[in-house]
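This report describes a structure for a reader who has not seen it before. Please look at the sequence and the model first.

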Amino acid sequence: MKTKIDFTLIENFISEKDFNNIEPEIKKSWELLTTKTGAGSDFTGWIDFPSKEKNSELLLKKIEATCEKVKNFNPDTILVIGIGGSYLGTRAIYDALTPAFCTRTPEIIFAGHQIDGHYHANLLNYLEKRNTVVVVISKSGTTTEPAIAFRLIRTFMEKKYGNESSQRIIVVTDKNKGALKSLANTKGYETFEIPSDIGGRFSVLTAVGLLPLGLCGFSIREIINGAAECEKELLSKNSIQDNIAMRYAAIRQILYRLGKTTEIQSSFYPQLATFSEWWKQLFGESEGKNQKGIFPASVVFSTDLHSLGQYIQDGTRNIFESFLSVNKIPKDVNIPVLNSNDDELLYLEGKSMSYVNNIAEKATQIAHAQGGVPVISFDIPELSEYYLGELMYMFEFSCALSAYTMGVNPFDQPGVEAYKSKMFEMLGK
């Protein structure tokens, strides 16, 4: 992997003996995962999905052909309807690669990831003035939030575009069954498959993420290339020293056993805030079972240094941090040289803002570690499709290893059903 992990600031918390002690457990988890013999093995299709050349090439060509057809509508908006893994990965990459204040055409907007009436009323008003193509994503088609949103949106699309609406709606769902698949067949929507052996939170590298990102002009081939290279490395190396995903899983499990029950993903890059939302779902839904699990949280610095930074520095010592660091940014700005100290910034004039940001990041990492918070850092060369594909695959792989080592099934989510059952009862379903 070109992204590296820096664990210098955990040396006062974790010894080499700790790594040696846990390595047999991590290797066992690696074997369960790579041989697809562990709990939930029916949902491990994502492991070798990026490198399945024939299948991935067919998918990429189909997406590219769809993108060409959609260009005929000249859309300015791609509306993605989905919840959880059906939208978070797309949003993570979109936000990471879309500069602040940038007007991207087409833009991606989202619906069905909650059921707030005010949001969706405003959405319908907004779409009145937009030229829209819809991607609806749901394996079953009956998940409440996206199902309600799609009923609203397809009614809107049929009213606005008439018969053409069926060409402007694309469905990503189960290959053979489900309410959404049946509706797509009836209405004549183009369909893409959610593989039956890949769960939602592990699906960003399938049509679930690649289709909407391709429609918006991102390089889906670079995303897959980054993931495929990472897959090759993680499947060929099974030692903590050589395998970054194993190393990260080992660190998490050692710290968990030392009472560090909350992991905070931190970044000094605001465009990565949504990436952390994707990461939180991945780890929270995969590990949080049987009264076990590391609670995943996130902060964006330096903004949160003036709020949650206080807690991280001086609060309960049950936390550790994993930083997302970016080595190269596409644009920068220098602090003006005024030859004046009237704002007490003479010591910074002429320096780039990225230089100050990097110093603030390093200082924060050191201060937090000295305050009793173990700190690791993922050093990403730059934000691009390739490196985001690489990083997402690595986190998926490490998440599965960590969950297996913890003794839980990484691929089910029994707790999610609890609220649904109660909601359906109260709604009279």
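## The parallel sheet

Strand S2 (residues 77-81) pairs with strand S3 (107-111) through five bridges, in the parallel sense. Strands are said to pair if DSSP finds at least two bridges between them. Helices (H or I, at least four residues) and strands (E, at least two) are DSSP runs, numbered from the N terminus. The model is a predicted one: local features need pLDDT of at least 70, side-chain atom pairs count only at pLDDT 80 or more, and totals for chains, interfaces and linings use all residues. Residues are numbered from 1 along each chain as its sequence is written, and side-chain values use heavy atoms, with hydrogens and water left out.

Leu79 has Ile109 in S3 as its bridge partner. The open sheet consists of five strands, in the order S3-S2-S4-S5-S6, with parallel pairing. S3 and strand S6 (190-193) are at the edges with a single partner strand each, so one side of each has no neighbour in the sheet. On average, neighbouring strands of this sheet are turned by 20° against each other, direction ignored.

Two helices lie against these strands. Helix H4 (residues 117-127) lies across S2, S3 and strand S4 (132-137), and runs at about 145° to S3. Helix H7 (residues 179-187) packs on the sheet and touches S4, strand S5 (169-173) and S6, its direction making about 145° with that of S5. Contact here means heavy atoms within 4.5 Å. Axes are lines fitted to C-alpha atoms, for helices over the stretch in contact, and angles between N-to-C directions run from 0 to 180 degrees.

## Helices against H14

| Helix | Axes come within | Crossing angle |
|---|---|---|
| H1 (residues 16-34) | 9 Å | roughly 120° |
| H9 (residues 220-236) | 6 Å | roughly 40° |

The angle of H9 makes this helix oblique to H14. Angles under 35 degrees count as roughly parallel, over 145 as roughly antiparallel, 65 to 115 as roughly perpendicular and the rest as oblique. H9 passes H14 in a right-handed crossing. A crossing is right-handed if the near helix is turned clockwise from the far one by less than a right angle, and left-handed if anticlockwise. In this contact, the residues of H9 include Glu222, Ile223 and Leu235, and those of H14 include Glu385, Tyr393 and Phe397. By class, the contact of H9 with H14 has nine nonpolar, three polar and five charged residues. Ala, Val, Leu, Ile, Met, Phe, Trp, Tyr, Cys and Pro count as nonpolar, Asp, Glu, Lys and Arg as charged, and the others, Gly among them, as polar.

H1 also passes H14 in a right-handed crossing. Residues of H1 including Glu25, Trp30 and Leu33 meet residues of H14, among them Phe397, Leu401 and Tyr404. The contact of H1 with H14 divides into eight nonpolar, three polar and one charged residues.

## Local backbone features

The peptide bond from Thr105 to Pro106 is cis, with omega near -5°. Pro106 sits in the loop between helix H3 (88-97) and S3. Another cis peptide bond joins Phe301 and Ser302, with omega about 5°. Ser302 is in the loop between strand S8 (295-300) and helix H12 (308-314). Gln291 is not a glycine, yet has a positive phi of about 60°. Its place is in the loop between helix H11 (273-287) and S8.
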